[in-house]
Amino acid sequence: MGEIRFGVDDLAQLRFAVSPLWESVAALRASADPGRHALHLPWIKTALTVGRERTALLPHLPELEALAPPPRCPLAEIGEELAALAGPPGRAEAVLAWWEAGVRPYWPRIRAVLEADLAHRTRQLAEDGIREVFAHLHPSLRWAEDRLGGAGLPAGGLVLAGGGITLAPSAFATRCVLLPGRETVPPCLVYPARAVGTLWERSAEPGDGLARLLGRSRAGLLGRTRTPTTTTGLAHQTGLSAGAVSQHLAVLRDAGLVTSHRYRREVYYRASELGQALLGRAS
């Protein structure tokens, strides 16, 4: 058991982020230990067919887990994070090769789960406060006074220095992991994301009746907003252009079928109660 101590400034500097680099490392761990990651077996069966891109990195997995840098911004790109990855020459290129072969083809659906978690946590923060956010990150964590305690935290205790901390959901993590801060980048607490069990499910397409009512593209988009997602995420999932997705979402929103809210630079869309009811009747 360990703990992190917060000051007033640290609570004010709480951030959320998605880290494609950490997801790549955690996915590699999952592929090496399928028994502990049964939820990901549909993906692992494919990942095990990846050749040298995967096997070349496996001996270096503990080192990668130790050296993974905390994310510098909320929606970092893999290239930005690899630029901050320490290690011998060629290590970043090897991670990038694994990302391209094993993770990137599935990144839109992985990112959709992570973004849905962020939307839930930020809404929880706004409605219930920081205590509730920490209380529901993971069963092993406990918030008391100015301290967050639990498994996976520094045994000697970490005292934040006013720069805050970043919280990053992970689809592949099975426990909380602390990535130490570096220079001006605050430490990052990685935690298992919500609703990971839905990650590899085949999403049911809306029925023909709803498609005739709304049009197949709009019905398909509405079906994908059961959990919060962005225009970019929907474009990746459907193959439609971002402009086309944006136009369809505007129509759905004007009809009261989806709602939207902004988090930093992204706008998240989610089916409204009316939209959920239509989807429920059409399924």
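Q: How many bridges join β1 to β4?
A: Four bridges join them, and the two strands run antiparallel. Strand β1 covers residues 2–5, and β4 is residues 147–150. Keep in mind that this is a predicted model.

Q: OK, and which residue is the bridge partner of Ile4 in β4?
A: That's Leu148. Leu148 is also the bridge partner of Trp143.

Q: So what does β3 do with β4?
A: β3 and β4 pair in the antiparallel sense, over three bridges. They form a hairpin with two residues between the strands.

Q: Which residue in that hairpin takes a positive phi?
A: Glu145, with phi near 55 degrees.

Q: Zooming out, what's the strand order in the sheet?
A: The order is β3-β4-β1-β5. The sheet is open, has four strands and shows mixed pairing.

Q: And which are the edge strands?
A: β3, residues 142–144, and β5, residues 158–159. Each of them pairs on one side only.

Q: Switching to helices: what span should α2 have, and how far apart are its end C-alpha atoms?
A: Helix α2 runs over residues 20–32, which is 13 residues. At 1.5 Å a residue the helix should span 18 Å, and the end C-alpha atoms are 18 Å apart, so the two agree.

Q: Is α2 mostly covered or mostly open?
A: Mostly covered: eleven of its 13 residues are buried. Among them are Trp22, Glu23, Val25 and Leu28.

Q: Why would residues three or four places apart point the same way in a helix?
A: Because an α-helix has 3.6 residues a turn.

Q: Is Cys188 buried or exposed?
A: Buried, with a relative accessible area of 0%.

Note on methods. Residues are numbered from 1 along each chain as its sequence is written. This is a predicted model: local features need pLDDT of at least 70, side-chain atom pairs count only at pLDDT 80 or more; totals for chains, interfaces and linings use all residues. Side-chain values use heavy atoms; hydrogens and water are left out. Two strands pair if DSSP finds at least two bridges between them. Buried means under 20% relative accessible area, exposed over 50%, partly exposed in between (1.4 Å probe, protein chains only). The expected span of a helix is 1.5 Å times one less than its number of residues.
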